[in-house]
Structures are given as C-alpha cells and as structure tokens.
Amino acid sequence: MPKATKDLRTASKDELLTFLDSFDVIFSDCDGVLWHVDAPMENTVETLSKLQSLKKKVFFVTNNPSGTKNICEKLRLKGFEACEEQVITLSKVVIWYLKKINFQGQAYAIGSNAFRSDLLKAGIELLDENVPRVYPNDVLATLDELSDRKSVKAVIADFNANCNWAHLNLAIACLRRADVLYITGAVDKLILCQNGTTILGPGPLTDIITKNSGRKPIAIGKPSEILRNYIFEFYDITKPQRCLFIGDSINQDMKFAAMCDFQKLFVSSGIDSFADSQNLIQERPEYYIPNLAHLLSILNNL
C-alpha cells in the first residue's frame, strides 16, 4: 500500500528538507497548475523559478495547443526564462514518434495552427488546411469533399477550435482503411476556467472519431507510453524516482507520473480535487498542496 499523501503545508522543517532532497528533476503540467486557460495564477511560475535556483532541473509537459514559443513567452513574462528544450508539447512527441517509425506519406492533422506549423517544419507532409470544403448550396459537392483521400496515411486528432462536422467525417472516412495510422493528442474532456466553470475540451470530439471509425487510437499525450518513452529518451532519465511530477489531474498527470515511476505532487488548483486524488492506489500522490504558490511561501520561510 502506498504511504498517505503528505500535505506540505503541515510538514516539519526536516520533512521539507527531505522532500527537497528527494528529487533532482521536475516535470510540471501547465494548465491548472501554473495558470488557467483564461487567466494567470499568482506566484506559481515563481515557485518553479525558486526550485530552479535550488539546482533543480525544471521541464514543462503540456497538452496546450498554443505551441512551444508561446509557452516560453508566457513563462518569460512571469520571470522564468525557459528555453524551448524545457517545454514538451504534443507536436514534438508526434514528430519524434513519426520519425521513429519512419512514417511515409501524408497526414490529415486536426490541430491548431502552431501544431500544424511544427509538423510542417519537421518535414511532415499534411493535407491542405482548407480541406474539406463545405458548399452550403451543393450537397453533392460537399459529400465529395468528405470522401477518403488515398494519399492520407495518418489521421492526427488534437485540439482545433474550428473543428467541425466536415473535419470529423473526413477523418472517419480515411480511418476506414486499416493501413492509416490513428494518432490522438490532447483528449481532455473538460477545461477549467478561472471562475471555476468548465468548457468542453477536445476529448468528446476525438471520441466521435474513435467510435464511428471503430479504430483504437495511438495515444501521444498524458498518460501514454509514447510520451513516457519520449521523455526517458530525450531527457536521459535513468533515475525516475529522483523526478517529481506536478499536476492537477488524476487520470492524466498522476496516472502518467505513476507510469513513469516519478514522485507525484498533486495541486487542487485545477480540474480535480484532493478527495479525487485519494480514490486510486497507483495514482495516489506522495505530496499535496492546494496551489503551487503555497509552496513558494514555504520555501521562502525555510
């Protein structure tokens, strides 16, 4: 049985020093941990700056579709000078995976402009972003646009705010061929906003493709084996127990950390509650704090 989760707010000085001495590398989620999708959180990024000043290596693992450069800029504005190698985005993992399997052919990518741009820069051929077209006054022409494209050898479904009925139908049509790869990125069901309300995430749209194509996707995001393999190879992880993963979700962050054998620090500033974090054995975190900003106060008082 795993040990009970330790609330760092009630830890003694010796317990805090033991905690700090137990890891060398930090992997942190972004949305729900450092900021909400629509607003920043005070002193969260500053906490990671403090930990980096204590000689901890800090990396960011995010499903956010805005791209590596935008994430780095967001961090820089909060005083954390992150280089692009410190930010792990799903486009990086997709590119790494496709090159690893020597993928040849065209991909149909449902993703943000930043996501598609990363794939194109890496030499991945993509179906034109204007396909499929919809002709409001010509049903037959629209249906023709939704037909399978034989040039497509992979469907990649990530987050695209403009994803519509036509995109979903074309993806399903292409996936009816067994030789077409089906890759999914972000599959969050809900996204938390600053005021506690939630908005629909990309997961339900991906579920439509999965159900109607009858295909099981190759998962790239948390908590996938492919993301684990990418991190272990790219960042040369040889002592996973000396790594700390900070996250706000149970089924993604804490599950992924458990899969990697990382230590887990759960924050309840995002989508899941502390009570949620106690429901599963493997995913139960070793450490808890309501908001990462609390940890900054604790570190400054040590």
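Reply: Contact here means heavy atoms within 4.5 Å. The model is predicted, so local features need pLDDT of at least 70 and side-chain atom pairs pLDDT 80 or more, while totals for chains, interfaces and linings use all residues. Residues are numbered from 1 along each chain as its sequence is written, and side-chain values use heavy atoms, without hydrogens or water.

On a 1 Å grid over the protein atoms alone, a cavity is a set of points where a 1.4 Å probe fits but cannot get out; a pocket is an open set with protein on both sides within 12 Å along at least five of seven lines, and lining residues have an atom within 4 Å of a point. The count is 1 cavity of 30 Å³ or more. The largest cavity has a volume of about 70 Å³, volume being the space filled by probe spheres set on grid points joined across faces, edges and corners.

Its lining is made up of Asn63, Asn64, Pro65, Gly67, Thr89, Leu90, Ser91, Ser112, Ala114, Phe115, Asp118 and Asp158. Helices (H or I, at least four residues) and strands (E, at least two) are DSSP runs numbered from the N terminus. By type, the lining of the largest cavity holds 4 nonpolar, 6 polar and 2 charged residues (nonpolar: Ala, Val, Leu, Ile, Met, Phe, Trp, Tyr, Cys and Pro; charged: Asp, Glu, Lys and Arg; polar: the others, Gly among them).

Leu90, one of the lining residues, sits in helix H4. Leu90 is buried because its relative accessibility is 5%, and buried means under 20% relative accessible area, exposed over 50%, partly exposed in between (1.4 Å probe, protein chains only). Beyond residues up to four places away in sequence, Leu90 touches Thr62, Asn63, Phe115, Asp158, Gly185, Ala186, Ile220 and Gly221. Among these partners of Leu90, Asn63, Phe115 and Asp158 also line the largest cavity. The C-alpha atom of Leu90 is 24 Å from that of Gly214, 124 residues away along the chain.

Two open spaces share residues with this lining. The largest pocket holds about 880 Å³. Among its 38 lining residues, Asn63, Asp188, Lys189, Leu190 and Gln252 are the closest to the centre, and Asn63 lines the largest cavity too. Strand E11 (190-192), helix H8 (203-213) and H10 each supply at least two residues of that pocket's lining, which divides into 13 nonpolar, 15 polar and 10 charged.

The second largest pocket has about 410 Å³ of space. Of its 18 lining residues, those closest to the centre are Thr68, Glu84, Ser91, Lys92 and Asp118; Ser91 and Asp118 also belong to the lining of the largest cavity. Helix H3 (68-77), H4, H5 and helix H9 (225-234) each give two or more residues to the second largest pocket. Its lining splits into 6 nonpolar, 6 polar and 6 charged residues.

Asp253 lies in helix H10 (residues 250-260) and is buried because its relative accessible area is 0%. Leaving out residues up to four places away, Asp253 touches Asp29, Lys222, Phe245, Gly247 and Asp248. His167, in helix H7 (residues 165-175), is buried at 13%. Apart from neighbours within four places in sequence, His167 is in contact with Tyr108, Ile110, Val131, Pro132 and Asn162.
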